[in-house]
Amino acid sequence: MRKARILLLDAAPGELMARELDRLLGHGLEITLNLRRVTDHTGTRETWGDRVEFTDFDAFDESALTAATVRGAEGYDALKSRAGVPLRARFLAAATDPALARPLRVIGRAGAGFDHVELPAAARHGVTVTHTPGSNAGAVAEFALAQLLALTRDLPAHNATAHRGVWRAPAAPAAQLSELTLGIAGLGRTGSALAERAAALGMDVQGLSRQHRAGTPPARPVRSLTALLTTSDVVSLHLPLTGETRGMIGRAELASMRPGSILLNTARGGIVDEQALADALRDPGHPLAAAAVDTFAREHAAFASPLFGLPNALLTPHVAGMTRSAMSTAALHCADHIAALLGGRPEGVPVVSA
């Protein structure tokens with residue numbers, strides 16, 4: 001029986017790549033590694049050249065991705081992505097062409113999100129999609145807490161003025177966390193992890209669950225998004241990007257927030273209308289005082305946002321989940337999930353359906 005072949009669109013970074021490759025090889029998979037996001041091409045080739053094949057292309061260029069995947073009518077049994085390379089209907093049709101020696105069967109995401117895959121098209125073409133829910137929940141919760149602390153204590157502004165040699169005292173004393181109410185939209189693994197951390201620091205925590213559950217301790221349940229926005233000093237988003245959540249935070253929602261409030265988004269860029277958010281932050285009379293954004297509608301090579309240049313917008317390049325522990329867990333679990341699905345062992349593997 002021939003070995004299944006996998007294309008790694010983007011390997012785990014740095015020293016974690018060796019662990020990921022070893023895990024995949026240990027499962028008996030043949031690997032082609034895309035070097036585009038690998039820092040040390042020469043060292044990687046020298047270390048892994050006798051066990052791994054290599055390619056080098058921009059996975060965010062669909063034509064390049066398709067050409068590399070089809071590769072002379074050969075194809076791949078599985079693809080693995082970390083950075084959320086878009087895998088849309090046209091690509092999926094090409095990658096699953098029956099004329100290929102290895103039509104695509106499995107897509108693995110080393111991370112919780114799966115909105116980069118056009119799920120109905122994957123289902124039509126018989127491609128199973130797996131991911132690693134919860135692998136970065138603690139990392140993202142910590143990052144959201146860091147955003148919260150940075151903005152409630154105005155750290156970016158103090159840092160900027162101190163670097164200019166200006167001794168700037170706050171115009172008014174900042175509120176302590178114990179004086180603030182944190183509203184969490186989405187009480188899954190990450191939202192619950194943030195609730196626990198924030199409550200431990202003395203915050204009053206309330207949350208909105210998509211399933212309208214009774215709430216996840218220590219978050220007090222609220223019944224609607226409007227109730228969450230109008231009664232929270234800080235709102236943190238922890239929802240997947242779906243048809244229901246796309247654009248759920250727009251002009252009306254932002255205008256309903258408490259005066260002096262803060263918005264945190266470590267979920268998905270499409271959940272928030274970035275232009276509406278930018279307009280709100282430019283308006284000194286708007287109730288929203290500041291926002292911290294880690295995820296954007298346009299990312300990677302296409303990165304652009306109307307939030308650029310706004311001093312009350314704390315922007316980071318989708319790094320909330322990038323800790324050693326989280327990325328190692330995601331990479332290794334993703335490798336295990338892909339191998340299990342390719343081997344006809346789906347029991348216990350998280351699979352995403354359309």
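Val 234 has Ile 262 as its bridge partner in β11, and that pairing is a handy place to start looking around this predicted model. Strands β10 and β11 run parallel and are joined by four bridges.

**The parallel sheet**

- Strands β10 and β11 are part of an open sheet of seven strands in the order β9-β8-β7-β10-β11-β12-β13, and the pairing in this sheet is parallel.
- At the edges stand β9 (220-221) and β13 (313-315); each has a single partner strand, so one side of each is left without a neighbour in the sheet.
- On to β12: strand β11 (residues 261-265) pairs with strand β12 (residues 288-293) in the parallel sense, over five bridges.

**A closer look at β11**

- Strand β11 is mostly covered, with five of its five residues buried.
- In a regular strand the side chains alternate between the two faces of the sheet.
- In β11, Ser 261, Leu 263 and Asn 265 point one way, while Ile 262 and Leu 264 point the other way, and all are buried.

**Helices on the parallel sheet**

- Helix α6 (residues 137-152) packs on this sheet, where it touches β7, β10 (234-237), β11, β12 and β13.
- The direction of α6 makes about 150° with that of β11.
- Helix α8 lies across β7, β8 (204-208) and β10, and runs at about 170° to β7.
- Thr 190 has a relative accessible area of 18%, so it counts as buried, the cut-off being under 20%.

**The mixed sheet**

- Another open sheet of seven strands has the order β3-β2-β1-β4-β5-β6-β14, and here the pairing is mixed.
- Its edges are β3 and β14 (351-352); each has a single partner strand, so one side of each is left without a neighbour in the sheet.
- Strands β2 and β3 pair in the parallel sense over three bridges, and Asn 34 stands opposite Thr 55 in β3.
- Helix α12 (residues 324-342) lies across β1 (5-8), β4 (78-81), β5 (106-109), β6 (128-130) and β14.
- The run of α12 is at about 165° to β5.

**Helix α2 and its two faces**

- Which residues of helix α2 (residues 41-48) are buried? They are Gly 43, Thr 44 and Trp 48.
- These residues cover an arc of only 105° around the axis, which puts them on the same side of α2.
- The cover over the buried residues of α2 includes α1 (16-26), β2 (30-34) and β3 (53-55).
- On the face of α2 turned away from its buried side, you will find the exposed residues Thr 42 and Glu 46.
- Asp 40 caps the N-terminal end of α2, with a side-chain oxygen 3.5 Å from the backbone nitrogen of Thr 42.

**An exposed loop residue**

- Gly 165 is found in the loop between α7 (155-163) and β7 (181-185).
- Is Gly 165 buried or exposed? Its relative accessibility is 66%, so Gly 165 counts as exposed, the cut-off being over 50%.
- Gly 165 and Ile 6 are 159 residues apart along the chain, and their C-alpha atoms are separated by 54 Å.

**The whole chain**

- The chain has 12 helices and 14 strands.
- Its radius of gyration is 22 Å, close to the 20 Å that the globule rule gives for 354 residues, so the chain is as compact as a globular protein of that length.
- Taken along the principal axes, the C-alpha atoms fill a box of roughly 70 × 50 × 35 Å.
- Of the 354 residues of the chain, 50% count as buried.
- Among contacts in the chain with a separation of 6 or more, 65% come from residues 24 or more positions apart.

Notes. Residues numbered from 1 in each chain as written. Predicted model: local features only at pLDDT ≥ 70, side-chain atom pairs only at ≥ 80, totals over all residues. Heavy atoms only, no water. Buried < 20%, exposed > 50% of the residue type's maximum accessible area, 1.4 Å probe, protein only. Arc of directions from axis to C-beta. Contact = heavy atoms within 4.5 Å. Polar contact = N/O pair within 3.5 Å; in protein donor to acceptor, adjacent residues only side chain to side chain. Pairing = 2+ DSSP bridges. Axes fitted to C-alpha atoms, helices over the stretch in contact; angles between N-to-C directions. Rg over C-alpha atoms; globule rule 2.2 N^0.38 Å.
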